[in-house]
Each structure stands twice: as C-alpha cells, then as structure tokens.
Amino acid sequence: MAKDNTFSGMAHNALTAETTIVGKIVSQKDIRIDGTLEGRLECRGKVVVGETGQVIGDIVAVNAEIVGRVTGNVTVTEMLVLKAASSLEGDIQTRRLAIEPGAVLNGRCTMQQSVAEGDEA
C-alpha cells in the first residue's frame, strides 16, 4: 500500500469530493477536505484543503495547506501554506506563512511571534 506523504503516514480524517457537510467539525487529528464544508473547522493537527476542496467558514488549526478555496478567516498557530491554485477570501492569523505565485489572498494577515521568539528579543 502506498504511503500518503501529505500527513507523514499518520492516520487522518477525510471529506471526499462530491460530499458536503453543513456544520462544525472538531478533529483531534489531521484532516483533508476534498469536498465542501459549510461551517467551522477546528483541528489540533494539519488541515489540507485539496484542489477540489472548499471551506465556507472559519478554520482553526496547528498547520494548514490550502490548494482549493476558503471563504472565511484562518487561524493557524504554526505554518500556513497557500499553494498556487488556492483562493482565500478572509483574514489570516498565523506564525509562519508561505504563498506560492498564483495564489489569491483577499484579506488581512497578522503574523504572530512564538513565545520563545519574543523572549529572545
């Protein structure tokens, strides 16, 4: 069986293409969205919004990678990656941010320092 490198081989949850969930999702593990979520997503791991994925609502996670579309605010405590095909309409709050050429971001971005970085200054 092929290893899924998206989540470093760890178990994760998935919302498959052509599936829509209306409501709030709370996950203790990584989650991949290839369908549509209309509601809030809270994840204590990594969120991946795949190429066919769409989230209409806020995302709160440790790490996130957006390839599809997000309409809502995104709060990430570590690293947010916006891939070239991504579209994000909303405000971002994160510690680290990577935006590939071609990505669309319409909103404000607030970068947070970690506690350790703030203590070193």
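Visitor: Where is Ser27 found?
Guide: Ser27 lies in strand 3, which covers residues 25-27. Please keep in mind that this is a predicted model.

Visitor: Is Ser27 buried or exposed?
Guide: Ser27 is buried, because its relative accessibility is 5% and the cut-off for burial is under 20%.

Visitor: What does the side chain of Ser27 reach?
Guide: It reaches the backbone oxygen of Lys29, at 2.6 Å.

Visitor: And which residues does Ser27 touch, not counting residues up to four places away in sequence?
Guide: Ser27 touches Asn13, Glu42, Cys43 and Arg44.

Visitor: Let me follow up on Cys43. Where is its place?
Guide: Cys43 belongs to strand 6, residues 41-43. With a relative accessibility of 6%, Cys43 counts as buried.

Visitor: Which residues does Cys43 touch, not counting residues up to four places away in sequence?
Guide: Ser27 is one of them, and the others are Lys29, Asp30, Ile31, Val60, Ala61 and Val62.

Visitor: How many residues apart in sequence are Cys43 and Lys29?
Guide: They are 14 residues apart in sequence, and their C-alpha atoms are 6.7 Å apart in space.

Visitor: How many disulfides does the structure hold?
Guide: The structure holds 0 disulfides. For background, a disulfide is a covalent bond between the sulfur atoms of two cysteines.

Visitor: What about Cys109, buried or partly exposed?
Guide: Cys109 is partly exposed, with a relative accessible area of 36%. The C-alpha atom of Cys109 is separated by 5.9 Å from that of Gln93, and these two residues are 16 residues apart along the chain.

Visitor: Where is Gln93 found, then?
Guide: Gln93 is in strand 14, which spans residues 92-99. Gln93 is partly exposed, at a relative accessible area of 36%. Leaving aside residues up to four places away in sequence, Gln93 touches Val74, Thr75, Val76, Thr110 and Gln112.

Visitor: Changing topic: how many strands are in the chain?
Guide: The chain has 16 strands, together with 1 helix.

Visitor: What is the order of the strands in the open sheet of 6 strands?
Guide: The order is 2-5-8-11-13-15, and the pairing is parallel.

Visitor: Which strands stand at the edges?
Guide: Strand 2 (20-22) and strand 15 (104-106) do. Each has a single partner strand, so one side of each is left without a neighbour in the sheet.

Visitor: What does the twist average from one strand to the next?
Guide: The average is 5° from one strand to the next.

Visitor: How many bridges join strand 13 to strand 15?
Guide: There are 3 bridges between strand 13, residues 87-89, and strand 15, and the two strands run parallel. Within this pair, Leu88 stands opposite Leu105 of strand 15.

Visitor: How many bridges join strand 7 to strand 10?
Guide: Strand 7 (residues 46-49) and strand 10 (residues 63-66) run parallel and are joined by 4 bridges. Val48 has Glu65 in strand 10 as its bridge partner.

Visitor: And how many join strand 10 to strand 12?
Guide: Another parallel pair is formed there, with 3 bridges linking strand 10 to strand 12, residues 74-82. The partner of Ile66 in strand 12 is Leu82.

Visitor: Now for the loops. Where is Asp34 found?
Guide: Asp34 sits in the loop between strand 4 (30-33) and strand 5 (36-38). Its relative accessibility is 18%, so Asp34 counts as buried under the 20% cut-off.

Visitor: Which side chain does a polar contact join to that of Asp34?
Guide: The side chain of Arg32 does, through a polar contact of 2.9 Å. Among the residues that Asp34 touches beyond four places away in sequence are Leu15, Thr16, Gly50 and Glu51.

Visitor: What about Glu18, where is its place?
Guide: Glu18 is in the loop between strand 1 (12-15) and strand 2. Glu18 has a positive phi of about 65°, although it is not a glycine. Glu18 is exposed, with a relative accessible area of 86%.

Visitor: Finally, what percentage of the 121 residues in the chain is buried?
Guide: Buried residues make up 36% of the 121 residues. The chain exposes about 6800 Å², of which carbon and sulfur atoms supply 49%.

Visitor: What share of the contacts comes from residues 24 or more positions apart?
Guide: Such residues account for 3% of the contacts in the chain with a separation of 6 or more.

Notes: Residues numbered from 1 in each chain as written. Predicted model: local features only at pLDDT ≥ 70, side-chain atom pairs only at ≥ 80, totals over all residues. Heavy atoms only, no water. Pairing = 2+ DSSP bridges. Axes fitted to C-alpha atoms, helices over the stretch in contact; angles between N-to-C directions. Buried < 20%, exposed > 50% of the residue type's maximum accessible area, 1.4 Å probe, protein only. Contact = heavy atoms within 4.5 Å. Areas by Shrake-Rupley, 256 points an atom, 1.4 Å probe, with all protein chains shown as cover. Disulfide = S-S within 2.5 Å. Polar contact = N/O pair within 3.5 Å; in protein donor to acceptor, adjacent residues only side chain to side chain.
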